[in-house]
Structure formats: structure tokens, C-alpha cells
Amino acid sequence: MHVSQTETLGQLNWKSMVRPFQNADTKKSIWQVLNTFAPFFILWVAMYYSLRIGYWLTLLLALPTAGLMVRMFIIQHDCGHGSFFKSRKLNDSLGNVCSLFTLTPFYQWRKSHAVHHATSGNLARRDVHDVYTMTVKEYNASPLKTRLRYRLYRNPITLFLILPLTLFLVLYRFPGPLSRRKERVNVLLNDLALVLLVLVISLIVGFRPFLMVHLPLLFIASTVGTWLFFVQHQFEDTYWAGGEEWDYATAALQGSSFYKLPKVLQWFTGNIGFHHIHHLSPKIPNYQLEACHKQNPELQHVSTLTLASSLRTTFLSLWDEDRKKLVSFRTARRLSAAECGVGRKP
């Protein structure tokens, strides 16, 4: 999206475009719960019995089962925004139930995610719950130790294979920096409920079979979820601005991608690929996002990624403030060397 298009959108009053889609449909919400949780339980049991045939079959079944865990997270995500049901109590209750499967304490995540929506793309308010992004100038001015630590953090192996399980299995077990009493109690209760749930399941099926079934699910689902969160904001023509220059609607439409996935993956990911619409209006339930996108051509002029093109975002790690683009370490080093006429910096 070009700036001129963003300015035109502001003149068109985007709030009136999204308003018709902000109402939760109880029947659709209940159906989504049923068509997510029921097949998850069936497939989980099938994975357990598949252990008698061969672990290759268990891992094969893990793919759709983990996809359903991602879909559960999207339901919890909508509950956190208060968009899945009209009733806040229902949203809170279902969100807490989902948290037992997503390993994400509901109230703590809801609070931190609200900060994400309020600060996404704002250089002056880079939140600890986002994928931390340095500017080229910050990186070049940093000591070697800081640069090496940042490069390690932004390495795809760290971001997509190590951090996801660390985040969901370890870090989410403790109160975060934004947590107050309500969130701290919720984290504690969530941990206690998880321990009891694991004990009960282990008594029924055995602890080793439980791990053999559930660990692959957690690995796949957490990796996919982290990848989705990354690619929805970390792409070449994304949006970053500082201080008063930052604008909510521009951040939503320029700083959030439209991840155009095949229909089956769109279903498993709960339409979260329409992320520009979601950031523009978090009150739209996931099953209304596509309709809002299709019925408002003015909202379609955004960065569109496919499975193939999204892979190119993997190594984009630094925000180039001069070119207004996310660039790789190699590109940043080359451009800095060309501009300064000096050798490469380690």
C-alpha cells in the first residue's frame, strides 16, 4: 500500500467499513468450537492408538491435530478480544478452557496482546511481547556483543525451532512483566490445572505415551503459531514509525500482511491471514474477516504474501529507516558499506 492510498482510506472513514462485521454470531461461534474441539479429541485418541502400529503414523496424524491446536489458539485469541461471543463471561470462560490446550494463560496473554495492538509498528514503543526489531542505525551503533546477541535471536533456528517451545512450555508458566494480581493468579491456576490434567491423562494412557503423542503437537503448533505471528508483521514493505508519526490505521494496513493461504490452511489458521483487517478492527470475529476483506475493495490494497513469497521474509531482520523497508543483515551491511565507503562491520 502506498501512502496516498492510506490517506484516501482515512478520508473514507474506515470505521464505517468494519462496523457491519463486528457482531459475533453465536451459532457460528458454537459451530466453530464443535468443529475444532471434537476432531481434536478424536485425532488425539487416534494418535495414541497409532503408537501400536508405528510412530511414523503418529507423526503423520500429528499434522492435522496440531493444526486444530492452532485453530484453538485463534478461538482463544478472539475471546481475548471479546469478539467470539457477545457475552464477556462466555469469552472469558472459553478463553480459559482453550488456554489448557494452548498452554497460554488467558488473562496474561490478553493483556500483553492488547499492548501489541496498541503499539504495533511504533518504533518508540517496541514491546517485549513482539518479535523485537532493531533499526539499521541502532544495530550499527551497538557494541559487538549486542550485535551478536541480536543475530542469534533473529536466526531462523532460534526464532522458529527453539523459542516457540521455550515460550509455551517455560516462559508462559510464569507471570510476565505486565502482570498484576489477576494475571498472576490466572497463571498460577493455569499451571495447576495443567499439572492435574497431565496427571489424569498419564494415569489413563501412561506418561511416556502421553509425551510421545503430545510433544510433537506442541512442537508443530508452537512453531506454526510463531511463524504466523512473524510473517504477519515482518515483511519487506511493513510499517514502522516513531512517536507522533505513528498512525493506528496505517500501522494496521501497512504493518500487517494479507497472508493468502490455501483454503485448507486458511481454515486451520482461523482466517488469521486477513491480519490487516484484524488489526484494523480486533472486534471482528475470525469468521467475519474474509467477508470484510472481500466487501471493501479499499481495504485490499495491502502487502499480500503467499506460502512461497513468505519464505523470503525469514532473513529480514533490520528496519532501514531511510528506505522504509525491512532488510537482511547482508543487505544492511552492503548498503552501509556503500554509503560510508568503509569495509564491512562484523
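Predicted model: local features only at pLDDT ≥ 70, side-chain atom pairs only at ≥ 80, totals over all residues.
Residues are numbered from 1 along each chain as its sequence is written. Local features need pLDDT of at least 70 and side-chain atom pairs count only at pLDDT 80 or more, while totals for chains, interfaces and linings use all residues, and side-chain values use heavy atoms, with hydrogens and water left out.

**Helix packing**

Helices are DSSP runs (H or I, at least four residues), numbered from the N terminus. Axes are lines fitted to C-alpha atoms over the stretch in contact, and angles run from 0 to 180 degrees between N-to-C directions.

Helix 4 (residues 55-81) packs on helix 5 (residues 88-102) at about 150°, with the axes 8 Å apart. The two are therefore roughly antiparallel (over 145 degrees). Their crossing is left-handed (the near helix is turned anticlockwise from the far one by less than a right angle). Helix 4 contributes Met69, Met72, Phe73, Ile75, Gln76 and Cys79 to the contact, and helix 5 contributes Asn91, Leu94, Gly95, Cys98, Ser99, Phe101 and Thr102. Contact means heavy atoms within 4.5 Å. By class, this gives 8 nonpolar, 5 polar and no charged residues. Nonpolar covers Ala, Val, Leu, Ile, Met, Phe, Trp, Tyr, Cys and Pro; charged covers Asp, Glu, Lys and Arg; the others, Gly among them, are polar.

The axes of helix 3 (residues 26-50) and helix 11 come within 9 Å and cross at roughly 130°. Helix 3 and helix 11 are therefore oblique to each other. Phe40, Trp44, Met47 and Tyr48 of helix 3 meet Pro209, Phe210, Val213, His214 and Leu217 of helix 11.

On a 1 Å grid over the protein atoms alone, a cavity is a set of points where a 1.4 Å probe fits but cannot get out; a pocket is an open set with protein on both sides within 12 Å along at least five of seven lines; lining residues have an atom within 4 Å of a point. A volume is the space filled by probe spheres set on the points, which are joined across faces, edges and corners.

| Space | Volume |
|---|---|
| Largest pocket | about 1100 Å³ |
| Largest cavity | about 120 Å³ |
| Second largest cavity | about 40 Å³ |

Of the 41 residues lining the largest pocket, His129, Leu167, Phe168, Tyr172 and Phe229 are the closest to its centre. Helix 11 supplies the largest share of that lining, 8 residues. The pocket lining holds 27 nonpolar, 13 polar and 1 charged residues.

The largest cavity has 14 lining residues, with Ser120, Asp130, His233, Gln234 and Trp240 closest to its centre. Ser120 also lines the second largest cavity, along with His117, Trp246, Tyr248, Ala251, Ala252 and His279.

Methods:
Parallel < 35°, antiparallel > 145°, perpendicular 65-115°, else oblique.
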